[in-house]
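Welcome! Let us take a friendly look at how the parts of a protein chain can meet.

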Amino acid sequence: MKCPSCLSDNTKVIDSRDVDDFRAIRRRRECLKCKNRFTTYERVELQNLLVIKKDGRRESYDRNKLENGILKACEKRPISKEQIDKMLSGIERKLQSTCDTEIKSKQIGELAIKALKKVDKVAYIRFASVYKSFDDLKSFEEELKGLKKRKLIKR
């Protein structure tokens, strides 16, 4: 592992611990050259999972893409990084359990929306506004009305 500060590959692990219900390992490292300390994470990679986009293109699943979308939705909200990591891991567990090697981007979006709805209604609306591509204000208002009917947000 290279040091992000000086790019030396002479580092040592200071501490290791399981995180995310034993689905990842957090390692605290120290560069032996510049003494910089940094953290790395090791997790199981979803093997050969292809995402089928709306236009039919296929691309490899990328956790970072999903994480970035969720992070944007959660910006300036009282949601911890740990909560976001749990959401991502939950989504990935569901993806793995399908046993499919190809999954539609719509399915991933639906899983993300469900996870966000449970955690924070504002983040859910932000994500939904991009994911569902509301055409106009009326369709956005209808989504909000639906949430109010299901008592997911206060009036």
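## Charged pairs and packed helices

Glu59 is partly exposed, with 23% relative accessible area (buried means under 20%, exposed over 50%, and partly exposed in between, using a 1.4 Å probe and protein chains only). Before going on, note that this is a predicted model, in which local features need pLDDT of at least 70 and side-chain atom pairs count only at pLDDT 80 or more, while totals for chains, interfaces and linings use all residues. Residues are numbered from 1 along each chain as its sequence is written, and side-chain values use heavy atoms, leaving out hydrogens and water.

Side chains of opposite charge can pair when their charged atoms come close. Such a salt bridge is a side-chain nitrogen of Lys or Arg within 4 Å of a carboxyl oxygen of Asp or Glu. The whole structure holds 12 salt bridges, and the table shows some examples.

| Salt bridge | N to O distance |
|---|---|
| Lys65 and Glu59 | 2.7 Å |
| Glu92 and Arg63 | 2.7 Å |
| Arg37 and Glu30 | 3.7 Å |

What does the pair of Glu92 and Arg63 tie together? Glu92 lies in helix H2 and Arg63 in helix H1, so the pair links parts that are 29 residues apart in sequence. (Helices are DSSP runs of H or I with at least four residues, numbered from the N terminus.) Glu92 is buried at 9% relative accessible area, and Arg63 is buried at 12%. Salt bridges with shared partners also join Lys53, Asp55, Arg57, Glu59 and Lys65 into one network. In the remaining pair of the table, Arg37 is partly exposed at 46%, whereas Glu30 is buried at 11%.

Now for the helices. H2 (residues 81–97) and H3 (residues 105–119) pack at an angle of about 140°, with axes 10 Å apart. Here axes are lines fitted to C-alpha atoms over the stretch in contact, and angles run from 0 to 180 degrees between N-to-C directions. Residues making the contact (heavy atoms within 4.5 Å) include Met87 and Ile91 of H2 and Leu111 and Leu116 of H3.

Which residues touch the most other members of the largest nonpolar core? Of its 27 residues, they are Leu66, Ile70, Ile91, Leu95, Leu116 and Phe127. Such a core is a set of buried Ala, Val, Leu, Ile, Met, Phe, Trp, Tyr and Cys residues joined through side-chain atoms within 4.5 Å. Helices H1 (63–74), H2, H3 and H4 (121–131) each give two or more residues to this core.
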